[in-house]
Amino acid sequence: MARDLQKITLYDVYLAVEESDGPHPLFNVNPDTNPQCKVGGHIQPILAEVYQEAQAAAMIRFNNVTVADIVDQINLKLHQEKLQD
């Protein structure tokens with residue numbers, strides 16, 4: 001990695017990996033619901049809105065977590081496991 005791990009966010013990683021060929025949603029609405037069903041006929045746009053809000057919240061969270069944070073958490077878990085042995 002060319003940058004300091006404290007300067008690389010999970011959002012940066014998401015953009016580099018998941019959006020290299022265009023935006024990819026974290027959640028997908030099933031397009032195969034039955035339009036004749038009371039629920040299936042209305043659920044897609046409702047879930048799409050909920051999923052968009054959840055994705056926006058996830059992107060904010062991703063932007064506040066660095067790769068260094070993840071590495072630190074892994075190292076902490078490894079240290080805790082070592083203490084238990």
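## A tour of the model

Y14 is found in helix 1; helices here are DSSP runs of H or I with at least four residues, strands are runs of E with at least two, and both are numbered from the N terminus. Y14 is buried because its relative accessible area is 6%, where buried means under 20% relative accessible area, exposed over 50% and partly exposed in between, using a 1.4 Å probe and protein chains only. Y14 and F62 are 48 residues apart in sequence, yet 8.2 Å apart in space from C-alpha to C-alpha.

A few notes on reading what follows. This is a predicted model, in which local features need pLDDT of at least 70 and side-chain atom pairs count only at pLDDT 80 or more, while totals for chains, interfaces and linings use all residues. Residues are numbered from 1 along each chain as its sequence is written, and side-chain values use heavy atoms, with hydrogens and water left out.

How confident is the prediction? The mean pLDDT of the protein is 90, and 93% of its residues reach 70 or more; pLDDT is the predictor's confidence in each residue, from 0 to 100. Among the elements, helix 3 has the highest mean pLDDT (95) and helix 1 the lowest (87). Where pLDDT is low, the predicted coordinates should not be read in detail.

### Helix 2 and its partner

Helix 2 covers residues 40-63, which makes 24 residues. From its first C-alpha to its last, helix 2 reaches 34 Å, close to the 34 Å expected at 1.5 Å a residue; the expected span is 1.5 Å times one less than the number of residues. Which residues of helix 2 are buried? They are G40, Q55, A58 and M59. These buried residues pack against helix 1 (10-18).

### Threonines and an arginine

T9 is found in the segment before helix 1, and T66 lies in the loop between helix 2 and helix 3. Leaving aside neighbours within four places in sequence, T9 is in contact with F62, N63, V65 and T66, contact meaning heavy atoms within 4.5 Å. With neighbours left out in that way, T66 is in contact with L5, Q6, I8 and T9.

R3 also lies in the segment before helix 1. Not counting residues up to four places away in sequence, R3 touches I8 and D12. A search of the whole structure finds 1 salt bridge, a term for a side-chain nitrogen of Lys or Arg within 4 Å of a carboxyl oxygen of Asp or Glu. R3 forms a salt bridge with D12, and their closest N and O atoms are 3.0 Å apart.

Here are the accessibility values for several of these residues.

| Residue | Relative accessible area | Class |
|---|---|---|
| T9 | 11% | buried |
| T66 | 14% | buried |
| D12 | 26% | partly exposed |
| R3 | 45% | partly exposed |

### A patch on the surface

Where is I70 found? I70 is in helix 3 (residues 67-84), and I70 counts as partly exposed because its relative accessibility is 31%. I70, I74 and L78 form a nonpolar patch on the surface, with about 250 Å² of accessible area together. Patches are made of residues with over 30% relative accessible area and no salt bridge, with like charges joined within 9 Å and nonpolar side chains (Val, Leu, Ile, Met, Phe, Trp, Tyr) within 5 Å. Accessible areas come from the Shrake-Rupley method with a 1.4 Å probe, and for residues only the protein chains shown count as cover.
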